[in-house]
Amino acid sequence: MTGSAVKILVVDDEPPIRKLLRVGLTAQGYEVQEAPNASAARHSVADDIPDLIVLDLGLPDKSGHDLLQEWRDEGLSMPVIILSSRTDEAGIVKALESGADDYVTKPFGVNELGARIRVALRHRLQQQGEKAIFQTDGLSIDLVKRIVKVDGQEIKLSPKEYDILRVLAQHAGKVLTHQFLLKQVWGPAADVQYLRVYIRQLRQKVEQIPDQPHYITTETGVGYRLREPD
């Protein structure tokens, strides 16, 4: 494990859940720390603030809601993803309003949680100005300086090409419909043919084999999807 690995604190009172997350998230390249209750979690965060926290709401000594609220009141802004066996909307809404970034409901898959973690980390980076670098495989986008690189080489894009790529990056991993992209870049009255032309031009610049795209894939009849971030 290198010192540059993203550190995740898992706060859950169930040993099998902690083991599942430790094994699964370590396999995804994260450095995982564990806390079985709120008290241990507070001590862990006080010693070393993690990059992200996976927090169970049903802790034995204090509710996850209260623990999250305490961290936010103290000005700690690390992303927090809630684990909950509860399916009531009120509990989920309360956690999100207290400052949670996302949630998964037990039972869950580690791959699903991993995807939520990547999105939460990316969104937090985008909120930090100069650190807002989107990276997926060999493609990187500096969303502040508007610099696009493929395998370390800067690529010159037209303003519209960059705007399309920026919107795709802000929603990486999700399919964006033609109409959504048109509205974001041109306005609601634009013709879908504009989008097809610019996507083709964009692929000519960022894809190694434009006809077999690695980064910007087509969802037939729906829209486009940018490869999710590393």
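Q: Which feature does UniProt place at D56?
A: The unreviewed UniProt entry gives D56 as "modified residue: 4-aspartylphosphate". Please note that the model shown here is predicted.

Q: Where is D56 found?
A: D56 belongs to strand β3, which covers residues 52–56.

Q: Is D56 buried or exposed?
A: D56 is buried, because its relative accessible area is 5% and the cut-off for buried is under 20%.

Q: Which residues is D56 in contact with, leaving aside neighbours within four places in sequence?
A: The contacts of D56 are V11, D12, D13, G64, L83 and K106. Of these, L83 is also the residue that stands opposite D56, in β4.

Q: In what sense do β3 and β4 pair?
A: The pairing of β3 with β4 is parallel and runs over four bridges. Together with helix α3 (residues 64–73), the two strands make a right-handed β-α-β unit.

Q: How many residues of β4 are buried?
A: Strand β4 spans residues 80–84, and five of its five residues are buried.

Q: Which way do the residues of β4 point?
A: V80, I82 and S84 point one way, while I81 and L83 point the other way, and all of them are buried. In a regular strand, side chains alternate between the two faces of the sheet.

Q: What joins β4 to β5?
A: Four bridges connect β4 with strand β5 (residues 102–105), and the two run parallel. Within this pairing, S84 stands opposite T105 of β5.

Q: What kind of peptide bond joins K106 and P107?
A: The bond between K106 and P107 is cis, with omega about -5°. P107 is placed in the loop between β5 and α5 (110–126). K106 was already named as one of the contacts of D56.

Q: Which residues does R18 touch, not counting those up to four places away in sequence?
A: R18 touches V10, D12, D13, E34, A35 and P36. D12 and D13 are also in the contact list of D56.

Q: Where does R18 lie, and with what side chain does its own make a polar contact?
A: R18 lies in helix α1, residues 15–27. Its side chain makes a polar contact of 3.1 Å with the side chain of E34. R18 is buried, with a relative accessible area of 14%.

Q: Changing topic, how many aromatic pairs are there?
A: The count comes to two aromatic pairs. In one of them, W186 and Y198 are tilted, at 5.4 Å centre to centre and 55° between the planes. This pair links distant parts of the chain, twelve residues apart: W186 is in the loop between α7 (178–185) and α8 (192–206), and Y198 is in helix α8.

Q: Which residues form the aromatic cluster?
A: One cluster is formed by W186, Y194 and Y198. W186 counts as partly exposed at 26% relative accessibility, and Y198 counts as partly exposed at 23%.

Q: Finally, what is phi of D137, and of R146?
A: Phi of D137 is near 55°, a positive value in a residue other than glycine. Phi of R146 is near 60° and is likewise positive in a residue other than glycine. Most residues other than glycine have a negative phi.

Q: Where do D137 and R146 lie?
A: D137 is in the loop between β6 (133–136) and β7 (139–142), and R146 is in the loop between β7 and β8 (147–150). D137 is partly exposed at 40% relative accessible area, and R146 is partly exposed at 45%.

Terms used: Residues are numbered from 1 along each chain as its sequence is written. This is a predicted model: local features need pLDDT of at least 70, side-chain atom pairs count only at pLDDT 80 or more; totals for chains, interfaces and linings use all residues. Side-chain values use heavy atoms; hydrogens and water are left out. UniProt positions are given in the numbering used here, feature names are shortened, and annotations may be inferred rather than shown by experiment. Buried means under 20% relative accessible area, exposed over 50%, partly exposed in between (1.4 Å probe, protein chains only). Contact means heavy atoms within 4.5 Å. Rings of Phe, Tyr and Trp (its six-membered ring) pair if their centres lie within 6.5 Å; planes under 30 degrees apart count as stacked, over 60 as edge-to-face and the rest as tilted. A polar contact is a pair of N or O atoms within 3.5 Å; within protein, one must be able to donate a hydrogen and the other to accept it, and residues adjacent in sequence count only if both atoms are side-chain atoms. Two strands pair if DSSP finds at least two bridges between them. A crossover is right-handed if, with the strands pointing away from the viewer, the path from the first strand over the helix to the second runs clockwise.
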